[in-house]
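Here's a quick tour of a protein model for anyone just getting started. Have a look at the picture, then follow the notes below it.

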Amino acid sequence: MTSSVGPTVRRRRLGQELRRLRQEKGMTAEEVAEELMVSQSKISRLENGRRSISQRDVRDLCRTYRVEDKRLVESLMQMAKDSRQQGWWNAFGDVPYSVYIGFENDAASLRVFESQVVPGLLQTPQYAEAVIGGAIPEGTAEQLAQRVQVRMRRQERITDPLSPLRLWAVVDESALRRLVGNSRVMAEQLEYLIRMSHEPHVTVQALPFDLGSHPGMSGQFSILEFSDESDTSVVYLEGVTSDLYLEKLSDVQSYSMMYEHLRAQALNVDQTREFIAKVAREHARNHESGK
């Protein structure tokens, strides 16, 4: 377990190991919950890595599974201790999508399709402020500032000189034309998007309206992949009150196939830059004319 791995992925790895031990013992989550006198949902949350795992939880589960290898138990206990360390995002208080940030922080690559807004990792501060302000109209100025700060902090993965996140973004034309903030904000955002697309580890493709229907019409999704083969890919679907994380191989394969179709249908990199530049000039003209 390397120190560079964050608490979210540590919890996930530990949960997978605990699930393996339960299955080897031939027990169901319901049977384990009954023996430990806890809810079945707690066992499920421990195994999917969505909640912190205490060393006591690990000890009790190892006893239930009759794990006799003391070194294995000690290793799992240490994993539990490490998984309770806080990520950088905890310093910002209650971040609603903290689980996703944890995955993104440890991912090696990210494929994202956006139908409504420019991807968060490629947003300017002014654009991000306008997006977040529109998404939480009842939020306080403090909440807005906090979320903008978190978004800007997340972008450090893109500029990390040692291990930058490999990002591939397919962006629908609606995200490029939707007036977020004002015309000046949009022009600057699209110019920044073009500049970022020149980074060797960033690929941006536009999906214009006239290309017709496409597999992403059901909405935004992201696919996170990790350098360690033991960490399976995750599909992330953002919701209003809760988010969905898909980890089954069949689900990941389905979304990966959808993404391949989107990449094939979208404009290529050079065409995309020309297209975004054209839309940016339109926003700039609107700003000059006072629209």
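What percentage of the 291 residues in the protein chain do buried residues make up? The answer is 49%, where buried means under 20% relative accessible area, exposed means over 50% and partly exposed is in between (1.4 Å probe, protein chains only). Keep in mind that this is a predicted model, where local features need pLDDT of at least 70, side-chain atom pairs count only at pLDDT 80 or more, and totals for chains, interfaces and linings use all residues. Residues are numbered from 1 along each chain as its sequence is written, and side-chain values use heavy atoms, with hydrogens and water left out.

**The whole chain**

- The protein chain has 13 helices and six strands; helices (H or I, at least four residues) and strands (E, at least two) are DSSP runs, numbered from the N terminus.
- Taken along the principal axes, the C-alpha atoms fill a box of roughly 75 × 40 × 35 Å.
- Of the contacts with a separation of 6 or more, 74% come from residues 24 or more positions apart; a contact means heavy atoms within 4.5 Å.

- Strand β1 covers residues 109–114, and six of its six residues are buried, so the strand is largely enclosed by the rest of the structure.
- In a regular strand, side chains alternate between the two faces of the sheet.
- Here, Ser109, Arg111 and Phe113 point one way from β1, while Leu110, Val112 and Glu114 point the other way.
- On one side of the pairing story, β1 runs parallel to strand β2 (residues 166–172), with six bridges joining them; two strands pair if DSSP finds at least two bridges between them.
- Phenylalanine 113 has valine 170 as its bridge partner in β2.
- β1 also pairs with strand β4 (residues 221–225), this time antiparallel and through five bridges.
- In that pairing, serine 109 stands opposite glutamate 225 of β4.

**Helix α11**

- Helix α11 (residues 183–196) has 14 residues and spans 20 Å from its first C-alpha to its last, close to the 20 Å expected at 1.5 Å a residue; the expected span is 1.5 Å times one less than the number of residues.
- Because 10 of its 14 residues are buried, α11 is largely enclosed by the rest of the structure.
- Among those buried residues are Val185, Met186, Leu190, Tyr192 and Ile194.
- The buried residues of α11 pack against α7 (125–135), α9 (156–159), α10 (173–177), β3 (202–207) and α13 (269–288).
- Asparagine 182 caps the N-terminal end of α11, with a side-chain oxygen 3.0 Å from the backbone nitrogen of arginine 184.

**Rings and charges**

- A pair of aromatic rings is described by the distance of the centres and the angle of the planes.
- Rings of Phe, Tyr and Trp (its six-membered ring) pair if their centres lie within 6.5 Å; planes under 30 degrees apart count as stacked, over 60 as edge-to-face and the rest as tilted.
- That rule gives eight aromatic pairs.
- One aromatic cluster is formed by Tyr100, Phe103, Phe226, Tyr236 and Tyr245.
- Arginine 153 lies over the face of tryptophan 88, 4.4 Å from the ring centre; a charge sits over a ring if NZ of Lys or CZ of Arg is within 6 Å of the ring centre and within 35 degrees of the ring normal.
- Likewise, the charged end of arginine 263 sits over the ring of tryptophan 168, at 4.2 Å from its centre.

- Leaving out residues up to four places away in sequence, glutamine 220 touches several residues, including Val112, Phe113 and Tyr236.
- Glycine 102 belongs to helix α6 (residues 98–106) and counts as buried at 0% relative accessibility.
- Lysine 42 is in helix α3 (residues 40–48), and at 18% relative accessibility lysine 42 also counts as buried.
- Methionine 37 sits in the loop between α2 (29–36) and α3, and is exposed, with a relative accessible area of 76%.
- Phi of methionine 37 is near 60°, a positive value in a residue other than glycine.

Methods:
Polar contact = N/O pair within 3.5 Å; in protein donor to acceptor, adjacent residues only side chain to side chain.
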